[in-house]
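Me: I have a structure to read, and I would like to know what each label rests on. Please set the values against the cut-offs for me.

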Amino acid sequence: MTVAMQRLKFGLGVALAVVALDQALKAWMLKLVFDPPRVIEVTPFFNLAPAWNRGVSFGLLAHDSPWAPWLLAGLAVAIVIFLLRWL
């Protein structure tokens, strides 16, 4: 097996582990915070509260435009292609 193939397998393994951990933590928090919906006071100035973001960071592209999901999907595919090529 070549070094490039080993790096590719390692990189894809790390990516898969990160995605799995991300989804597991999201499911855990949804169960913790949304069942029943409540606010969890962590400190006097920091609370955990359920909220949905329909866009990307800071709610960008969250409006009801029909092209927004396609734009985000296309951007995600382009980023994946770039990262695979880079890896």
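Reply: Asp22 is partly exposed, with 32% relative accessible area. Keep in mind that the model is predicted.

Me: Why is Asp22 called partly exposed?

Reply: Buried means under 20% and exposed means over 50%. The value for Asp22 is 32%, so Asp22 falls in between and is partly exposed.

Me: What makes the pair Asp22 and Lys26 a salt bridge?

Reply: The limit is 4 Å between a side-chain nitrogen of Lys or Arg and a carboxyl oxygen of Asp or Glu. In Asp22 and Lys26 the closest N and O atoms are 3.1 Å apart, so the pair meets the limit. Both residues lie in helix H1, 4 residues apart, which is about one turn of the helix. Lys26 has a relative accessibility of 45% and is also partly exposed.

Me: How many salt bridges does a search of the whole structure find?

Reply: The search finds 2 salt bridges. One of them joins Asp35 to Lys31, with the closest N and O atoms 2.6 Å apart. That value is within 4 Å, so this pair counts as well. In general, side chains of opposite charge can pair when their charged atoms come close.

Me: How do you know whether Phe45 is buried or exposed?

Reply: The relative accessible area of Phe45 is 74%. Exposed means over 50%, so Phe45 is exposed. Phe45 is found in the loop between strand E1 (40–43) and strand E2 (46–48).

Me: What makes E1 and E2 a pair of strands?

Reply: Pairing needs at least two bridges between the strands. There are 3 bridges between E1 and E2, so the two strands pair. E1 and E2 run antiparallel, and a hairpin joins them through 2 residues. Ile40 stands opposite Leu48 in E2.

Me: Which residues form the nonpolar patch on the surface?

Reply: The patch includes Leu12, Leu75, Ile79, Phe82 and Trp86. Together, the residues of the patch have about 900 Å² of accessible area. Helix H2 (residues 68–86) gives the most, with 7 residues.

Me: Why can Leu12 belong to the patch?

Reply: A patch residue needs over 30% relative accessible area. Leu12 has 42%, so Leu12 passes that cut-off. The place of Leu12 is in helix H1 (residues 3–34).

Me: What pattern does the protein follow along the sequence?

Reply: The pattern is α-β-β-α, from 2 helices and 2 strands.

Me: Why is the protein called more spread out than a compact globule?

Reply: The radius of gyration is 18 Å, while the globule rule gives 12 Å for 87 residues. The value is well over the rule, so the protein is more spread out than a compact globule. The C-alpha atoms fill a box of roughly 55 × 30 × 25 Å along the principal axes.

Me: What share of the 87 residues is buried?

Reply: Buried residues make up 5% of the 87 residues. The accessible surface of the protein comes to about 7700 Å², of which 74% belongs to carbon and sulfur atoms.

Methods
Residues numbered from 1 in each chain as written. Predicted model: local features only at pLDDT ≥ 70, side-chain atom pairs only at ≥ 80, totals over all residues. Heavy atoms only, no water. Patch = residues over 30% accessible without salt bridge, like charges linked within 9 Å, V, L, I, M, F, W, Y side chains within 5 Å. Areas by Shrake-Rupley, 256 points an atom, 1.4 Å probe, with all protein chains shown as cover. Buried < 20%, exposed > 50% of the residue type's maximum accessible area, 1.4 Å probe, protein only. Rg over C-alpha atoms; globule rule 2.2 N^0.38 Å.
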